[in-house]
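The following note sets out a few points for a colleague who is reading this structure. It is arranged as numbered points, each on one topic.

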Amino acid sequence: RSYITMTLKIMELAGFQISMADNCILIANQQVTPPNFEVESDWSSAAFWYQFVAHSKSAKIILTGLKRSGIQGDECVADFFEKLGVRTSQDSGSIIIQYDSSLLSSGPLHFDLKDVPDLAPALILTCFGERVPAVFTGVNHLKFKESDRIKSIASCINSLGGEMKVVDDAIILNDFPESFNSVIVNPFNDHRIAMAMAMFSATGTSVTLSDQNVVNKSYPEFWSHIELFDLPVTLV
């Protein structure tokens, strides 16, 4: 629903009159003259930098073109990762993210992913990498992404030496290995699996990834950006 709502908000910015009730959207025949407006950067892609900060503990990342405007449902990544110790602050036209252990929430965490499925790979693998017990609900539609992300994420976690439980419409993490296995990952033709596993290497785990071009769908500069950091990622 959040992606539908985002589309409607952008159309309203362009001057369209729209009405919505329950699952019905009505857009009458109308003439509009769209104004100039700035398109925000992508909060879904920002999730991987939140993952990086949560794993690295010391990084300070500035992401330009992002603001908490309420247009993108995925901006709730800032609230989700605050529970994992990542602080978000707003600068002019940018956000700054850095680690703050005082923000860490105790006890098993709960995340509802029903309206924000694109956050799942980064969020689930962050909790696994930080050994944070967590329950993720509203996940059934993850089966219908670029890959079956329930199976894809489970495969990655199994390869790393852990286990992910799936019960009805929920994913449960509560069992973690003492150390993580080095892994070779084919990202299942899924850009978000590739990026989440690349950022997992910030835990110090060696990650080898094939099919590096898969990120071109949403973030073609991704590999050049993470080259700025000395991560144990190998591309083949």
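1. In the hairpin of strand 1 and strand 2, which residue takes a positive phi? In this predicted model, the residue is Asp22, with a phi near 55°. The hairpin has two residues between the strands.

2. Ala21 has Cys24 of strand 2 as its bridge partner.

3. A second topic is the packing of two helices. The axes of helix 4 (residues 120-129) and helix 6 (residues 191-200) come within 9 Å and cross at roughly 25°. Because angles under 35 degrees count as roughly parallel, helix 4 is described as roughly parallel to helix 6. The crossing of helix 4 with helix 6 is right-handed.

4. Helix 4 contributes Pro121, Ala122, Leu125, Phe128 and Gly129 to this contact, and helix 6 contributes Arg192, Ile193, Ala196, Met197 and Phe200. By class, the contact of helix 4 with helix 6 comprises eight nonpolar residues, one polar and one charged.

5. Val214 lies in the loop between strand 11 (207-209) and helix 7 (222-226). Val214 counts as buried because its relative accessibility is 10%, and the cut-off for buried is under 20%.

6. Which residues does Val214 contact, leaving aside its neighbours within four places in sequence? They are Pro187, Asn189, Asp190, His191 and Ala194.

Notes
Residues numbered from 1 in each chain as written. Predicted model: local features only at pLDDT ≥ 70, side-chain atom pairs only at ≥ 80, totals over all residues. Heavy atoms only, no water. Axes fitted to C-alpha atoms, helices over the stretch in contact; angles between N-to-C directions. Helix = DSSP H or I, 4+ residues; strand = E, 2+ residues; numbered from the N terminus. Parallel < 35°, antiparallel > 145°, perpendicular 65-115°, else oblique. Left-handed = near helix turned anticlockwise from the far one by under 90°. Contact = heavy atoms within 4.5 Å. Nonpolar A, V, L, I, M, F, W, Y, C, P; charged D, E, K, R; others polar. Buried < 20%, exposed > 50% of the residue type's maximum accessible area, 1.4 Å probe, protein only. Pairing = 2+ DSSP bridges.
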